[in-house]
Structures are given as structure tokens and as C-alpha cells.
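Biologist: Can you take me through this one? I'd like to start with the strands.

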Amino acid sequence: MIADTKRKYYMLGGKGGVGKTSLAASLAVKFANNGHSTLVVSTDPAHSLSDSFAQDFSGGQLVPVVGPDAPLFALEINPEQARAEFRASSQKEGGSGVKDFMDSVGLGGWVEQLSELKLGELLDTPPPGLDEAIAISKVVQFMQAPEYEKFTRIIFDTAPTGHTLRLLSLPDFLDASIGKILKLKQKLASATSAIKSVFGQGDGKDTATDKLELLKQRMVMVREIFRNKDSTEFIIVTIPTVMAVSESSRLRESLHKEGVPVKRLIVNQLLPPSSSDCRFCTIKRKDQSRALDLIRKDPNLKELQLVESPLFDVEIRGVPALKFMGDIVWQ
């Protein structure tokens, strides 16, 4: 992974609470300490990247991480904040002359609905996954900027499984939705254009439509990044329980259908061997062993490279602890 000259994007995903953030952060530190200019990005609404590094990354801007040998930056994107910014920038200014006039003849409500129809209102009740999509589209926007060319490794700490899968299907959803709404706006345009021209309202530009079109284009780019086998690898993270393994199997199947390259499966929080006669530990190890057997027999998981990550006896927080974890896991 360090020596690869082509692969640039690593995406860690899986069930909530399996340790994706710690593993993503430790991988970022590993890359940085081996000479790669690295960026680690969190698109999970429940951010814990700041907690993992013991630094404040909130605010949606690049923040340098203190400690690694090579440049390492972190970025936490708040999907709710990104959606609010998106919606605010989609609002169109306009006078109330049309409505005032039509109010006087009893048709104010009708004209209000027609002349003030905005696609930005779609964002008031967003479909599942749209918040995360806007957040990742913002990442794509950043990635297109010249300063991002310096990063040879970009790691995504993704939201839990369901959000990740919805992101991949969202471009198709936006394509259908935008198409339908544009047809509706075209039908309404003929009824309102004359009134708008008389009162000088509107300049013919549709900022909200342009914004959604741009969002769709960026989501298509995101999907293509996910699918690029030369530059991208999706790493599934799980823990040794039957429930987590079952969800990981479904995730692997869905990613395969979407053409997303997956090579590795990390099993986190494994109890290390011990000669102790701790009854709880013995039972827990047997339980985890059964989960590992399930992975080795599962048709969706058995072909993946299995990476075992132990349950540490200390909290992994801060660059030194992340380096310690990375040296064990990412060998």
C-alpha cells in the first residue's frame, strides 16, 4: 500500500462502531511516516476524527496534524452544515411586485406558487443519503483545487454501511428527480414569464437547478472514483461477531455489484492469546473464533485478504498511539 505508485484513495467502511475512524487515522499516520503527503477525510455526521487525533478538525477546513514525519492533514465535513450552505446559495433574490399585484386581484397564492418555485425547496426534505452526498461532493470540489494535487494518499473515513451504499445510487436518483422537476418548471415557465417580464422580476437564471446539476456531476465523479480499480481501494472493517460479519458480507456483495474494488477485510477488536484462566476471555475467544470461521466460509468474504487487528488494552488516541496501532495492523 505504501509502495503503490498509482493507488491514491483508500475508503474505510462498515458497520457503525467497529473502529473505522481509528483504523483510518492509523493508516493516515502510517502513510505520512513513510513519506506520503496524506489527507484523511471524515464524512460521517458523527465525527470522531478529532477525538482520534486529539486535535480539533471541526469547521470544514484543512487542518495540519501535528506529529507525523510527512505532511498530514485532516478534514471533517459536517453534512448538515454543507446542506445548509448549499441551500442558502441556491436561494434567489427577488422583489414581491408580482405577488403584491396579484394579491390585489385575489390571485396572490396562485402566483406565489408559480413564480417563486425553487428547486432549493427539495433540500428541505432531502432523500436518504443526500446529506452525505453533498458532503462528499464538497470533498470532490476540494480535490479539484490545485492545492490537492500535493496529496499522494487520500483516506476516507466513511459513514456507516447504509449511507455509503446510498451514495453510490444517488446520481441515478438525482438524474431522475432533476429531470422531472425541470419538466415541471418548463410547463410553469410559460405561465409566469409574461408576468415576471412586466414587473422586472428574475433574470432568467436558475441557480438552484445549476447547483443540483453540479451536485449530480460531482456525485458521478465520486462514483467513478469509488469504481476505479487503479486508484481506489475500499477496505471493509468489521468486528468478530455474527451480526457484524453478516452485515460485512452484504456490504461486500453490494460493493461488488456496484463495481467497487475491495481487497482487504479488517477484523478489529480481536482478543489476543493469553494463558490466563479467565472464563469470560475463554468464552469470548471461542465466540470470536466462530465469527472468523464464518468469514473464511462466506462466499462474499473468503477471497478477501484478512487483516487481524487486536483489542488494545489502552485507548488509541493521539498520533503516538495511532502510530503504535498502525505498526501492528498495517504490516
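Biologist: How many bridges join strand E2 to strand E5?
Modeller: Five, in this predicted model. E2 covers residues 38-42, E5 covers residues 153-157, and the two run parallel.

Biologist: Which residue is the bridge partner of leucine 39 in E5?
Modeller: Isoleucine 154.

Biologist: And what order do the eight strands take in the open sheet?
Modeller: The order is E3-E4-E2-E5-E1-E6-E7-E8, with mixed pairing. E3 (63-64) and E8 (305-310) stand at the edges; each has a single partner strand, so one side of each has no neighbour in the sheet.

Biologist: Which strands does H9 touch?
Modeller: H9 packs on the sheet against E1 (9-14), E6 (232-238) and E7 (262-270). The direction of H9 makes about 160 degrees with that of E6.

Biologist: What span should H9 have, and what is the distance between its end C-alpha atoms?
Modeller: H9 has 16 residues, 242-257, so at 1.5 Å a residue it should span 22 Å. The end C-alpha atoms are 23 Å apart, which agrees. Just after H9, glycine 259 has a positive phi of about 80 degrees.

Biologist: Serine 249 next. Buried or exposed?
Modeller: Buried, because its relative accessibility is 8% and the cut-off for buried is under 20%. Serine 249 lies in H9, where other buried residues include Val245, Glu247 and Arg252.

Biologist: What is serine 249 in contact with, beyond its neighbours within four places in sequence?
Modeller: Asp298, Asn300 and Leu301. Leucine 301 is 52 residues from serine 249 along the chain, with 6.2 Å between their C-alpha atoms.

Technical notes: Residues numbered from 1 in each chain as written. Predicted model: local features only at pLDDT ≥ 70, side-chain atom pairs only at ≥ 80, totals over all residues. Heavy atoms only, no water. Helix = DSSP H or I, 4+ residues; strand = E, 2+ residues; numbered from the N terminus. Expected span 1.5 Å × (residues − 1). Buried < 20%, exposed > 50% of the residue type's maximum accessible area, 1.4 Å probe, protein only. Contact = heavy atoms within 4.5 Å. Pairing = 2+ DSSP bridges. Axes fitted to C-alpha atoms, helices over the stretch in contact; angles between N-to-C directions.
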